[in-house]
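These are my notebook entries on what I looked up in one protein structure.

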Amino acid sequence: MLDNFSISQQVRKPAVRSAAGVVAAQHVVAARVGARILHQGGDAVDAAIATSLALGVVEPWMSGLAAGGCMVLWRARERKAYVVNFGMRAPAELDPADYPLSGQAVSSDLFPWPHVVGDRNVKGATAVAVPGMVAGLEMAHQAFGTFAWRRLVEPAAQLAREGMLVDWYSALLTGANAQALSEDPDTAACFLQDGKWPIVGGWTAVEQKRLDQSALARTLETLAEAGPAEFYRGSIARALVDDVRAKGGCLSLDDLAGYRASMVEPLHMAWSKGEVFAAPDLTGGPTFLRALGNLNRAQLNDGPPDAAAYRAMALALDEAFDDRLASMGDHESPASPGCTTHFSVVDAQGNLCAVTQTLLSIFGSKVTSPSTGLLLNNGIMWFDPEPGKPNSLAPGKRCLTNYCPVIGRTADGREFAVGASGGRKILGSVMQLVSFMTNHGMDLEAAFHQPRIDVSGGDEIIADPTLPAETLEALAATLPTSTARRHVYPYAYACPAGVARGGGINSGCTEVYTPWGDAVAGEG
């Protein structure tokens with residue numbers, strides 16, 4: 001049944017345009033850090049590293065040094081795309097028998113797996129996987145960075161020394177998760193007042209409060225001074241492992257020392273209206289390209305997407321997810337938002353970066369390493385706890401993920417980098433943005449404001465009610481359809497961030513309803 005009501009509110013977030021580089025991120029403070037690096041002469045990879053680390057401070061429940069993720073790059077001089085994959089792995093000492101099924105209902109979090117006794121795969125130190133983000137940033141820096149590593153880490157360390165400024169949005173997120181956060185004393189001390197309530201400022205702007213991130217600041221200072229190896233084979237590694245094992249996890253020094261990010265060839269698709277590069281293997285890339293290929297075989301109009309175009313999008317995504325769920329073992333609940341952050345960078349030379357990084361659930365495992373100040377991931381939840389499945393738990397196994405950073409180009413030569421956060425909703429969001437810019441000729445700003453649908457498994461369409469009645473009727477005739485507005489929280493659709501380049505002008509835009517997200521130009 002479609003909701004039938006009038007919508008008078010209009011929310012817009014104009015794209016930032018500049019001849020200089022642009023950073024678009026889910027938190028404007030992190031975007032400013034990256035833009036400052038661009039202004040100082042750094043390239044897109046330098047800015048991406050600085051932005052990545054800053055996001056772990058100002059958006060700590062989404063990502064951080066204990067996260068995993070993926071970076072897709074475009075090197076303008078070479079005219080070549082690269083992928084740096086730094087996904088998480090299960091610890092080598094993980095024993096699937098330590099995750100017995102309770103026989104009751106399904107998991108309490110993102111994925112409707114069979115429920116595990118005590119939610120051991122969802123929260124607590126037993127849910128922590130081997131993080132890959134630092135290794136991924138190191139690999140990108142060694143291959144393409146131009147600034148010294150220390151110079152790129154220092155802005156994040158400074159932000160941590162100051163402490164994240166809390167506001168109504170941080171209070172909303174911590175308040176919604178306060179009960180789970182209170183179960184770990186170290187996490188409660190970081191994010192909650194008196195171990196129970198969200199930390200909030202006063203009702204006037206001058207009554208500001210900040211999180212105490214001094215332990216995280218010390219970790220970042222050590223990382224800046226000693227280099228990335230310190231995270232995997234030095235004092236940070238030892239402190240992290242000691243804390244995780246003290247809380248019942250099985251992460252080891254060998255896990256960290258043996259972790260390697262990988263630089264791999266991207267997946268590529270070209271058609272008459274454009275081309276895209278995406279990450280391969282256990283990411284959202286293969287499913288994204290399958291859906292895009294399905295869509296591009298349809299008869300699409302050249303102008304703004306009409307009812308037939310949206311119907312084609314829905315069918316393309318539905319078929320692609322049927323295949324993904326049957327063959328790749330990913331059975332995430334379509335209603336789950338995920339805990340991820342995405343940002344995109346373009347520099348003045350036309351180099352592009354699309355980067356997605358995640359702790360998986362919001363606030364990850366809900367466990368904090370007190371020695372390092374790191375909120376820890378719950379990457380073990382990516383695995384099916386039931387034995388004998390394509391994605392079942394196993395020691396040392398790579399995690400199947402949904403992130404889908406993409407680099408692309410339109411037929412008229414405009415280039416773009418896009419991606420999103422939002423669990424399984426990411427794939428459809430990225431596919432639609434790509435199609436809006438390639439098949440329908442939209443610029444970045446128009447694409448980000450165009451209403452979207454979500455089809456991410458379960459033979460159901462979620463549609464933006466601002467779509468024309470004719471489009472909503474066409475969708476309802478295709479699959480069971482309900483409507484959901486774009487909101488600040490929770491997100492009915494994914495939360496994208498993107499940059500584009502055309503005619504010597506760069507632009508950037510973020511999800512219209514993201515209160516912290518924005519694009520910042522690397523000038524002045």
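**Entry 1: strand β16 and its partners.** I began with strand β11 (residues 274–278), which is joined to β16 by five bridges in an antiparallel pairing. I noted that the model is a predicted one. Within this pairing, I found A278 opposite V406 of β16. I then turned to strand β17 (residues 415–421), which is joined to β16 by four bridges and also runs antiparallel to β16. Here G408 has F416 of β17 as its bridge partner. The hairpin of β16 and β17 has four residues between the strands, and in it G413 takes a positive phi near 95 degrees.

**Entry 2: cover on β16.** How many residues of strand β16 (residues 406–410) are buried? I recorded five of five, so the strand is mostly covered, where buried means under 20% relative accessible area. In a regular strand, side chains alternate between the two faces of the sheet. In β16, V406, G408 and T410 point one way, while I407 and R409 point the other way; all are buried.

**Entry 3: an open sheet.** I looked up a sheet of three strands, which is open, has the order β18-β19-β20 and shows mixed pairing. Because β18 (453–454) and β20 (481–483) each have a single partner strand, they stand at the edges, and one side of each lacks a neighbour in the sheet. Strand β19 (residues 461–463) runs parallel to β20, and three bridges join them. I461 faces T481 of β20 in this pairing.

**Entry 4: nonpolar cores.** Which residues touch the most other members of the largest nonpolar core? I noted M71 and L220, in a core of 89 residues. Helix α2 (residues 44–58) gives the most to this core, namely eleven residues. Another core, of 48 residues, lies apart from it and includes W271, V276, A447 and L472. Leaving aside neighbours within four places in sequence, I listed the contacts of M71, among them A48, Y82, F86, L137 and C353.

Entry 5: I placed H141 in helix α3 (residues 133–144). Is H141 buried or exposed? H141 counts as buried because its relative accessibility is 15%, which falls under the 20% limit. Not counting residues up to four places away in sequence, H141 touches several residues, including V45, D46, I49 and W149. I placed L172 in helix α5 (residues 168–176). L172 counts as partly exposed because its relative accessibility is 32%. Together with W168 and Y489, L172 makes a nonpolar surface patch of about 310 Å².

Key
Residues numbered from 1 in each chain as written. Predicted model: local features only at pLDDT ≥ 70, side-chain atom pairs only at ≥ 80, totals over all residues. Heavy atoms only, no water. Patch = residues over 30% accessible without salt bridge, like charges linked within 9 Å, V, L, I, M, F, W, Y side chains within 5 Å. Areas by Shrake-Rupley, 256 points an atom, 1.4 Å probe, with all protein chains shown as cover. Salt bridge = Lys/Arg side-chain N within 4 Å of Asp/Glu carboxyl O. Helix = DSSP H or I, 4+ residues; strand = E, 2+ residues; numbered from the N terminus. Buried < 20%, exposed > 50% of the residue type's maximum accessible area, 1.4 Å probe, protein only. Contact = heavy atoms within 4.5 Å. Core = buried A, V, L, I, M, F, W, Y, C linked by side-chain atoms within 4.5 Å. Pairing = 2+ DSSP bridges.
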